[in-house]
Amino acid sequence: MIIPVKLPAGSYKITLSRGALQRAGELVDLNRKVLIVTDSGVPASLAKSVARQCRQPVIVTVPAGEGSKSLQGFGSLCQSLLDNGFTRSDCVVAVGGGVVGDLAGFAAASFMRGIDFYNIPTTLLSQVDSSVGGKTAVNFGGIKNIIGAFYQPKAVLIDPDVLATLSPRHFANGLAEAVKMALTLDATLFGLLERGDIPENLETVIARAVACKARVVEADERETGLRRVLNFGHTIGHAIESVEGLGGLYHGECVALGMLPLCGEAIRPRIERALARLGLPTQWHGDPKQLLLAAAHDKKFSGSHITVVTLPEIGQYRFEEWTSEELFRRMEAFFQ
């Protein structure tokens, strides 16, 4: 299946196909020098499989986890590109989850002011969300994704077969982003997720979520309008992630929690049941004051107000301007 992303400055294709990783050399141009970026949590065989299809591969393996998404990690990749004589005609390939994609994409965006970048996501979370749309970034000063660039990949290869190695928790972590897409943009997809028949419908779940993401990115590549809908659950979710720190809750788990305070009371029980059925948390017992301090660094704050996405009904969304006090009251009421 091919899902196109049509953009004025450069369109690209998302290939969703079992076995796509094993055919990467047929699907994208690897007949050159290729920096393959992966992490220690990804089976080494996946990066090696891609390397065998490259004319001149260089594999860099970073430590698994958000700690690698740093200026130091970014600098290390740029040093590898420099040390191995990469030029503007060469490319970077990410083989991993969101951390690898964000880090490798930012290095590709910056080296020589931009070289080709291909994303081969190996987690469900990155397949349904972060691999599409061109957001690349690193964390800094304890703030997630605060330094980065919009830089679209030349292509994305999504291979559902690579998900077989994921633990149940990591798999559920990825489903949270599919739930986000479904709640705001695709009520039919939410119904499928709500039933919990995921293994039998995995490719459909991925395809519908990616189609939602592609449609939004096409309409608003740089997040000046509609694309803000993709932040549903992320303002509070990123704050929980910052408070939890490294080794705490996963990104998707934090997003699941971050969506709930922004749902209408009438539909919240239904959403809580669906999240629980998918293996995602529905309660968090922390300090809302700490959440507010973390949320204050959110890029969506403009002056004293922040744009939040609320959900009055499933498949519908609303943009609202809240003060930090309004955000705090909502978090305090839900997480007390």
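Is Arg227 buried or exposed? Select Arg227 to begin: at 2% relative accessibility, this residue counts as buried, where buried means under 20% relative accessible area, exposed over 50% and partly exposed in between, computed with a 1.4 Å probe on protein chains only.

The model is predicted: local features need pLDDT of at least 70 and side-chain atom pairs count only at pLDDT 80 or more, while totals for chains, interfaces and linings use all residues. Residues are numbered from 1 along each chain as its sequence is written, and side-chain values use heavy atoms, with hydrogens and water left out.

**First stop: Arg227**

Arg227 is found in the loop between helix H8 (202-219) and helix H9 (234-244). Helices (H or I, at least four residues) and strands (E, at least two) are DSSP runs, numbered from the N terminus. Now display the residues that Arg227 touches; leaving aside those up to four places away in sequence, they include Val132, Gly133, Phe150, Lys213 and Glu221. Such a contact means heavy atoms within 4.5 Å. The C-alpha atoms of Arg227 and Gly133 are separated by 9.8 Å, although the two residues are 94 residues apart along the chain. A polar atom of the Arg227 side chain lies 3.0 Å from the backbone oxygen of Gly133, and the side chain of Arg227 also reaches the backbone oxygen of Glu221 at 2.6 Å.

**Second stop: helix H11**

Select residues 268-277, which make up helix H11. Which residues of H11 are buried? They are Arg268, Ile271, Ala274 and Leu275. Turn the view to look down the axis of H11: its buried residues fall within an arc of 125 degrees, so they line one face of the helix. The arc is that of the directions from the helix axis to the C-beta atoms. These buried residues pack against helix H6 (168-185), helix H7 (187-195), helix H10 (251-259) and helix H13 (324-335). On the face turned away from the buried side, find the exposed residues Arg273 and Arg277. Just after H11, Gly279 takes a positive phi of about 90 degrees.

Next, select strand S1 (residues 2-5) and strand S2 (residues 12-16), which pair in the antiparallel sense over four bridges; two strands pair if DSSP finds at least two bridges between them. The two strands form a hairpin with six residues between them, and Gly10 in the turn has a positive phi of about 155 degrees. Val5 stands opposite Tyr12 in S2.

Select Phe74 and Phe106, an aromatic pair that is stacked, with 4.6 Å centre to centre and 25 degrees between the planes. Rings of Phe, Tyr and Trp (its six-membered ring) pair if their centres lie within 6.5 Å; planes under 30 degrees apart count as stacked, over 60 as edge-to-face and the rest as tilted. Phe74 lies in helix H3 (residues 71-83) and Phe106 in helix H4 (residues 98-110), so the pair ties together parts that are 32 residues apart in sequence. Both Phe74 and Phe106 are buried.

Move on to Phe334 and Phe335, whose aromatic pair is edge-to-face, at 5.1 Å centre to centre and 90 degrees between the planes. Phe334 is partly exposed, with a relative accessible area of 21%, while Phe335 is buried, at 2%.

How values were computed: Polar contact = N/O pair within 3.5 Å; in protein donor to acceptor, adjacent residues only side chain to side chain.
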